[in-house]
Amino acid sequence: MFPNGVRVYHRPFLIAIALGMRYTHRMIRTGIGYDSHRLVEGRKLILGGVEIAHEKGLLGHSDADVLAHALCDALLGAVADGDIGQHFPDKDPQWKGADSLRLLAAVVARLHAAGWQIVNTDATVIAEAPKLAPHIPAMRQRLAEIMQIPMDCVSVKGKTNEGMDATGRREGISVMAIATVQKAASGVAP
Ligand code: MG
């Protein structure tokens with residue numbers, strides 16, 4: 001839009017208007033997600049659907065897969081469809097101890113039902129320990145299967161917090177995630 005309010009259209013759209021044609025365009029949306037869980041003894045450590053040998057695991061109502069949870073929120077955020085807590089309340093017994101990839105699959109199904117396709121996702125896992133690099137290919141593969149997109153559209157990166165704050169003291173693991181989705185939309189040119 002110019003400051004004076006004149007709308008700027010791309011040429012194919014102007015041609016569609018001139019011919020009174022139906023037109024299609026691609027809607028692109030992005031969303032962010034964040035999650036963190038406390039590390040405690042006596043729990044399995046599961047990240048991106050992959051069980052990782054470690055002396056502690058993440059505490060939570062489900063399996064506490066912090067990576068899957070952040071991706072759920074990124075995907076829901078991209079389509080402005082609430083958040084993981086709204087769709088899968090932690091008071092609900094059906095999600096107690098649940099495999100969080102089931103939650104992610106349910107989010108993907110919601111997006112597909114609304115006509116959205118996932119383009120790509122990216123995530124940064126912030127964990128002082130254990131070393132994540134050896135497990136990242138397996139995480140990407142599991143997540144790609146669940147999100148029904150190629151593995152090269154699913155990025156997972158590991159970081160430490162350089163010993164700073166609670167994450168740096170190995171008290172928990174946190175994840176930042178972003179997702180891009182697309183949908184073909186059509187209309188009749190005015
Ligand atoms: Mg969570």
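Helices (H or I, at least four residues) and strands (E, at least two) are DSSP runs, numbered from the N terminus. On this basis, the secondary structure of the protein comprises six helices and seven strands. The structure is a predicted model, in which local features need pLDDT of at least 70, side-chain atom pairs count only at pLDDT 80 or more, and totals for chains, interfaces and linings use all residues. Residues are numbered from 1 along each chain as its sequence is written.

**Overall arrangement**

Along the sequence, the elements follow the pattern α-β-β-β-β-α-α-α-β-α-β-α-β. Taken along the principal axes, the C-alpha atoms fill a box of roughly 65 × 35 × 30 Å. A residue is termed buried if 20 or more other C-beta atoms lie within 10 Å of its own, exposed if 12 or fewer, and partly exposed in between, with C-beta atoms placed from the backbone. Of the 190 residues in the protein, 36% are buried. Two residues are in contact if their C-beta atoms, placed from the backbone, lie within 7 Å. Among the contacts with a separation of 6 or more, 74% join residues 24 or more positions apart.

**Helix α2**

Helix α2 covers residues 66-78, and its 13 residues reach 18 Å from the first C-alpha to the last. Because 13 of the 13 residues of α2 are buried, the helix is largely enclosed by the rest of the structure. Just after α2, Ala 80 adopts a positive phi of about 50°.

**Two loop residues**

Gly 48 belongs to the loop between β2 (45-47) and β3 (50-52). This residue is buried, since 29 other C-beta atoms lie within 10 Å. Leaving aside neighbours within four places in sequence, Gly 48 is in contact with Asp 65, Leu 67, Ala 68, Met 139, Arg 142, Leu 143 and Val 156.

Asp 90 is found in the loop between α3 (84-87) and α4 (100-113). Asp 90 is exposed, with 11 other C-beta atoms within 10 Å. With neighbours within four places in sequence again left aside, the contacts of Asp 90 are His 61, Gly 85 and Trp 95.

| Pair | Separation in sequence | C-alpha to C-alpha distance |
|---|---|---|
| Gly 48 and Ser 100 | 52 residues | 8.5 Å |
| Asp 90 and His 61 | 29 residues | 5.9 Å |

Methods:
The expected span of a helix is 1.5 Å times one less than its number of residues.
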